[in-house]
Amino acid sequence: MLKKLRMYLPFVNAGLQEASTYRANWLFYILGDVIGCFVSFFVWEAVFISNGGESFMEFDKGDMIVYIFLTFLTGQIIGSGGTYDIGQEIKDGTIAMRMIKPISYNSTFLFQELGNKLMEIGIIFIPLVAGVEIYRFFLTGSLQFDIAQFLLYLVCCVFAYLINFFFNISFGFTAFVFKNLWGSNLLKNCIVGFLSGSTIPLAFFPEVLRNVLSVLPFASLSYTPVMIYMGMYTGWDIVFYLGLQIFWCIAFWGMSKLIWKAVVKHLCVQGG
């Protein structure tokens, strides 16, 4: 096991070097997400003002603000660019160099992304968590941070990232057939953002629809970790949703293997 891990350490280092070398591009990407986060904040601020109160659909204003910023943080942690990267490599021909290596194709992407994540988490994770907790302290007058909930949140984020990674890899493999995924990737991101609760909390949906969406894999990406952090899932709810995350993680891992075997024979490089 350790020998195999050592084989992939260069990809972690490559991810770190990529993030540091193209730091201006990386910073602008983060800035765009930050702006989107504040746009969401002002939209929901307007919703609460128009509602004429401090509560809306069982969320008070303070909870909604915490939800917005935790959703942004979670999105940064679990984000995966596998779909885009695979499409680009097929277009420019660099996929050939990755495929001739005697190692797992999926794992090279995974460990390279982990390198990017280390840079990302190191810069934004601690300041944002601290900011959320300071806000909650001034909002309630007491320290709301719960180490058990925080650790469970981190565990959820690990599973959420793996679900997102294998889902994006599976979607990216369709580029072997369709050649270009730019438009479909944008559509996919919009749908996933909506179904994961990133755009609108699932608690705001009608009960029947909410119950359906909560067991789909997309709720495991953002909604489940955030609700655990905020203490809105407790006891058996946590056990159930963690188990659901593990199930979807295994399901998408298996699906990525099946799709890879089905589409690799259709590879047609457009560049290189």
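**Cysteines**

I started with Cys157, which is buried at a relative accessible area of 3%. Keep in mind that I am working with a predicted model.

How many disulfides does a search of the whole structure find? I got zero. For Cys157, the nearest cysteine sulfur belongs to Cys156 and lies 7.1 Å away. A disulfide needs the two sulfur atoms within 2.5 Å, so Cys157 is in no disulfide.

**Aromatic pairs**

I then searched the whole structure for aromatic pairs, and 21 came up. I picked out Tyr161 and Phe165, whose ring centres are 6.1 Å apart with 35 degrees between the planes. Why is this pair called tilted rather than stacked? Stacked needs planes under 30 degrees apart and edge-to-face needs over 60, so 35 degrees makes the pair tilted.

I also checked where these two sit in the chain. Both belong to helix α7, which spans residues 147–172. They are four residues apart there, so about one helical turn separates Tyr161 from Phe165. Both are buried: Tyr161 has a relative accessible area of 7%, and Phe165 has 0%.

My next pair was Tyr233 and Tyr241. Their ring centres are 4.5 Å apart and their planes meet at 5 degrees, so I noted this pair as stacked. Tyr233 counts as buried at 10% relative accessibility, and Tyr241 counts as buried at 12%.

Which residues do ring pairs link into a cluster with Tyr233 and Tyr241? I wrote down Tyr67, Tyr223 and Phe240.

**A lysine over a ring**

I looked at Phe171 as well, and found Lys188 lying over the face of its ring. The distance from the ring centre is 5.6 Å.

**Nonpolar core**

Last, I turned to the largest nonpolar core, which has 70 residues. Which members touch the most other members? My list reads Met64, Tyr67, Leu70, Leu73 and Ile86. Tyr67 was already in my notes, as part of the ring cluster.

I followed up on Ile86 and left out residues up to four places away in sequence. Its contacts are then Tyr105, Phe109, Ile169, Gly172, Phe173 and Phe176. Two of those names, Ile169 and Gly172, took me back to helix α7, residues 147–172.

Definitions and conventions. Residues numbered from 1 in each chain as written. Predicted model: local features only at pLDDT ≥ 70, side-chain atom pairs only at ≥ 80, totals over all residues. Heavy atoms only, no water. Core = buried A, V, L, I, M, F, W, Y, C linked by side-chain atoms within 4.5 Å. Buried < 20%, exposed > 50% of the residue type's maximum accessible area, 1.4 Å probe, protein only. Contact = heavy atoms within 4.5 Å. Phe/Tyr/Trp six-rings, centres within 6.5 Å; stacked < 30°, edge-to-face > 60°. Helix = DSSP H or I, 4+ residues; strand = E, 2+ residues; numbered from the N terminus. Lys NZ or Arg CZ within 6 Å of the ring centre and 35° of its normal.
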